[in-house]
Amino acid sequence: MPNLFQKSLKKNFSRARIRNRYGVFALREEFQSFVPHFTRALRRLFSVKGIVGTEITLYLAGNEIMSTNILVFPATKNFPDPEASGIPLGEIFLNLVWIRDHDENPMFMLIHGVLHLLGYDHEETHDRIRMEQEEKRLLADTELCQILL
């Protein structure tokens, strides 16, 4: 079930031909080859979720930048660019080294981060259940999961 933010996005952008903008940046040279795959994954994820008219930035990092698997920074007013063409959702940092070393699923981590930017959380039990159900639903999308294989 779409949350209020998603309903607002659909209402405000469904008639306009505004598209999502995805900035995917490799912070290590060895991650450069993953940029097109993560860009396609974001495009598919937003298509499945029915999200239009937004901007998101994804950074593919290593241990020298962060010491956890994922960091998510929701957008604030005028973030990151007050003249952006869409609604900025925020930034996600994925530590691909951590994810690999801890045998985590990079698609799951990407989905988890995007859901946080869309207002999902796991602070309360009912919120955690709702988020986990949506993560499972999105992970079941065969086309989405094949992108990062």
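## Close-up views of a predicted model

**View 1. Helix 2 and helix 5 cross in a right-handed way.** A crossing is right-handed if the near helix is turned clockwise from the far one by less than a right angle, and left-handed if anticlockwise. This is a predicted model: local features need pLDDT of at least 70, side-chain atom pairs count only at pLDDT 80 or more, and totals for chains, interfaces and linings use all residues. Residues are numbered from 1 along each chain as its sequence is written, and side-chain values use heavy atoms, with hydrogens and water left out. Two packed helices are described by the angle between their axes and the distance between the axes. Here, helix 2 and helix 5 pack at about 115 degrees, and their axes lie 11 Å apart. Axes are lines fitted to C-alpha atoms, for helices over the stretch in contact; angles run from 0 to 180 degrees between N-to-C directions.

View 2. Helix 2 meets helix 5 through side-by-side residues of two kinds, nonpolar and charged. Leu45, Val48 and Lys49 of helix 2 meet Glu134, Arg137 and Leu138 of helix 5. Contact means heavy atoms within 4.5 Å. The tally is three nonpolar, no polar and three charged. The largest nonpolar core has 33 residues. Such a core is a set of buried Ala, Val, Leu, Ile, Met, Phe, Trp, Tyr and Cys residues joined through side-chain atoms within 4.5 Å. Buried means under 20% relative accessible area, exposed over 50%, partly exposed in between (1.4 Å probe, protein chains only). Helix 4 gives the largest share of this core, seven residues. Leu58 is among the residues with the most contacts inside the core. Beyond four places in sequence, Leu58 touches residues including Phe25, Leu42 and Leu110.

**View 3. Asp121 sits in the loop between helix 4 (106-117) and helix 5 (125-139).** Helices (H or I, at least four residues) and strands (E, at least two) are DSSP runs, numbered from the N terminus. Why does Asp121 count as partly exposed? Because its relative accessibility is 28%. The Asp121 side chain reaches the backbone nitrogen of Glu123 at 3.3 Å. Leaving out residues up to four places away, Asp121 touches His116, Asp127, Arg128 and Met131.

Definitions and conventions
Polar contact = N/O pair within 3.5 Å; in protein donor to acceptor, adjacent residues only side chain to side chain. Nonpolar A, V, L, I, M, F, W, Y, C, P; charged D, E, K, R; others polar.
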